[in-house]
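Hello,

Here is the structure I promised to pass on. Please have it open while you read, and my notes follow below.

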Amino acid sequence: MELKVTNLTKSYGEKSVLKDIDFTFESGKIYGLLGINGAGKTTFFNSLNGDIEINSGKFLLDHKKLITDDIGYVTATPIVPEFLTGREFLQFFLDINEDKIGKKKSIDDYFELVQLTKEDQDILLKEYSHGMKNKMQILINVVSNPKVILLDEPLTSLDIVAQDNMKKLLKSLKKDHVIIFSTHILELAMDICDEIVVLSNKKLELIEKKNLSTKNYKDKIINQLKENSND
């Protein structure tokens with residue numbers, strides 16, 4: 001499966017953020033979208049998801065127009081219905097998406113995927129920490145099984161144990177999905193991702209991951225990111 005981005009350009013008034021981006025993402029890999037804060041990573045995701053109007057560009061999934069139902073989006077700031085408990089939210093989501101989900105697991109099995117305790121499952125989402133809300137976002141996207149999964153800084157609010165579990169979960173999904181993992185932390189991208197893509201100077205550039213193991217090359221990329229930041 002391939003997600004092809006062609007001629008993507010996005011500006012905010014006079015400020016150009018993305019310019020003439022051409023790139024192809026493939027299933028079977030986790031792509032690390034690397035860039036410092038303000039580089040345009042979230043703008044890139046919002047463009048793919050149709051949340052913002054772009055100046056130009058096409059998104060094709062296996063030669064067909066990418067549609068909203070193809071995409072799962074885990075946002076940097078979790079958005080959940082805070083008046084529901086975790087269990088109520090998951091049950092509601094399962095009920096309204098019954099035709100799409102196919103074979104279901106039990107509620108407990110789903111929660112086990114993201115290691116939310118029984119106690120946590122039955123408290124209101126408004127009482128959840130940022131990391132717990134992120135877990136719920138990731139879980140909902142696992143359940144809905146979209147073809148493309150966009151992850152905007154999904155692990156930075158999790159403790160080291162939860163991070164390790166999420167890494168294993170995401171790696172288990174990559175065979176049948178296009179996964180793009182946005183982060184500004186190079187070490188995290190190196191740990192979880194198969195390919196490293198740098199958003200720099202308004203373009204996407206594929207970086208040889210093996211080169212990043214050398215200090216000189218790593219320093220070069222970091223300096224490049226600093227120089228071409230949109231901050």
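**Salt bridges and charged residues**

At 35% relative accessibility, D108 counts as partly exposed (buried means under 20% relative accessible area, exposed over 50%, and partly exposed in between, with a 1.4 Å probe and protein chains only). Before going on, a word on the source: this is a predicted model, in which local features need pLDDT of at least 70 and side-chain atom pairs count only at pLDDT 80 or more, while totals for chains, interfaces and linings use all residues. Residues are numbered from 1 along each chain as its sequence is written, and side-chain values use heavy atoms, with hydrogens and water left out.

D108 forms a salt bridge with R87, and the closest N and O atoms are 3.4 Å apart (a salt bridge is a side-chain nitrogen of Lys or Arg within 4 Å of a carboxyl oxygen of Asp or Glu). This pair links distant parts of the chain, with R87 in helix α2 and D108 in helix α4, 21 residues apart (helices are DSSP runs of H or I with at least four residues, strands are runs of E with at least two, and both are numbered from the N terminus). R87 is partly exposed too, with a relative accessible area of 25%. R87 and D108 also belong to a network of salt bridges that includes K118 and D122.

The count comes to nine salt bridges. Another one joins D191 and K167, at 2.4 Å from N to O. Here D191 lies in helix α8 (residues 186–192) and K167 in helix α7 (residues 160–173), 24 residues apart. D191 is partly exposed at 40% relative accessibility, whereas K167 is buried at 14%.

**Aromatic rings**

How many aromatic pairs are there? The count comes to six (rings of Phe, Tyr and Trp, the last by its six-membered ring, pair if their centres lie within 6.5 Å; planes under 30 degrees apart count as stacked, over 60 as edge-to-face and the rest as tilted). F25 and Y31 have ring centres 5.0 Å apart and planes at 85°, so this pair is edge-to-face. Both of these residues are buried. F25 also pairs with F44, where the centres are 6.3 Å apart and the planes at 45°, so that pair is tilted. Since F25 lies in strand β2 (residues 15–26) and F44 in helix α1 (residues 41–48), the pair ties together parts that are 19 residues apart in sequence. F44 is buried, with a relative accessible area of 0%. One aromatic cluster is formed by F23, F25, Y31, F44, F45 and Y73.

**The nonpolar cores**

Of the 43 residues in the largest nonpolar core, L90, M136, L139, V143 and F181 touch the most other members (such a core is a set of buried Ala, Val, Leu, Ile, Met, Phe, Trp, Tyr and Cys residues joined through side-chain atoms within 4.5 Å). Helix α6 gives the most to this core, with seven residues. A second, separate core of 25 residues includes V17, I71, I180 and L199.

In helix α2 (residues 86–96), the buried residues are G86, F89, L90, F93 and L94. They cover an arc of only 130° around the axis, which puts them on the same side of α2 (the arc is that of the directions from the helix axis to the C-beta atoms). These residues pack against α3, α4, α5 and α6 (contact means heavy atoms within 4.5 Å).

Finally, N134 sits in helix α6 (residues 130–144) and is buried, with a relative accessible area of 0%. Among the residues N134 touches, not counting those up to four places away in sequence, are T75, E153 and S157.

Best wishes
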